[in-house]
Amino acid sequence: MIILESERLMLRKFEASDWRDLHEYLSQENVLKYEPDTARNEEECKLMAAERSQGNAFVAVCLKNTNKMIGHIYFAQREPEPFLTWMIGYIFNPEFYGKGYATEACQAVLKYGFEELGAHRIMALCNPDNAPSWRLLERLSMRREGHFKKEAFFRKQKVGSLFGMMRINIRS
């Protein structure tokens, strides 16, 4: 499991006790605006944190000085394995937006992916309407490579249309 450090952050394996911090931001509808999920209650967050503590795809992003989890990153290899492609995704607590934490955490994961895992490509999916996420991906030197309609399921907008997805790739 990845355990990485950056200047201000520690990226570590999820722990079942992370449910409180997870609930702090996954209980907010605005945080999940571009996600297929809806807001989560305490029980759902307890289960989610326990499940994630058993796997390796989700990494808790914590402040070094307090160990408070301020977000999480999804990082997993895509099939087929010989293509050496990983997928990255992230959700952060809005209390910590605008401080560069997501950029810092994702940079550490990208570096790990390329330097330690030998990744050829790391990709992300992003809703075309999610401008803050696009800006983050661009700060990470990722580039837009395509616009795929219905690449992933998303809740319908009030007007009833499904969100499209755009795929971003970065090559070593």
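Select R12. R12 is buried, at 7% relative accessible area. (Buried is under 20% relative accessible area, exposed over 50%, partly exposed in between, with a 1.4 Å probe and protein chains only.) This is a predicted model: local features need pLDDT of at least 70, side-chain atom pairs count only at pLDDT 80 or more, and totals for chains, interfaces and linings use all residues. Residues are numbered from 1 along each chain as its sequence is written, and side-chain values use heavy atoms, leaving out hydrogens and water.

(A salt bridge is a side-chain nitrogen of Lys or Arg within 4 Å of a carboxyl oxygen of Asp or Glu.) E15 is partly exposed, at 36%. R12, E15 and D18 are linked in a salt-bridge network.

Next, select E43 and K46. Their side chains form a salt bridge, 3.4 Å from N to O. Both sit in helix α2, residues 42–54, 3 residues apart, so about one helical turn separates them. (Helices are DSSP runs of H or I, at least four residues, numbered from the N terminus.) K46 is partly exposed, at 31%.

Move to E138 and R144. This salt bridge has its closest N and O atoms 3.3 Å apart. E138 is partly exposed at 41%, and R144 is partly exposed at 43%. The whole structure holds 11 salt bridges.

Last, color by pLDDT, the predictor's confidence in each residue, from 0 to 100. The chain's mean is 87, and 84% of its residues reach 70 or more. Select residues 159–168: here the pLDDT is below 50. Beyond near neighbours in sequence, this stretch has 50 contacts in the model (heavy atoms within 4.5 Å).

Methods:
Helices (H or I, at least four residues) and strands (E, at least two) are DSSP runs, numbered from the N terminus.
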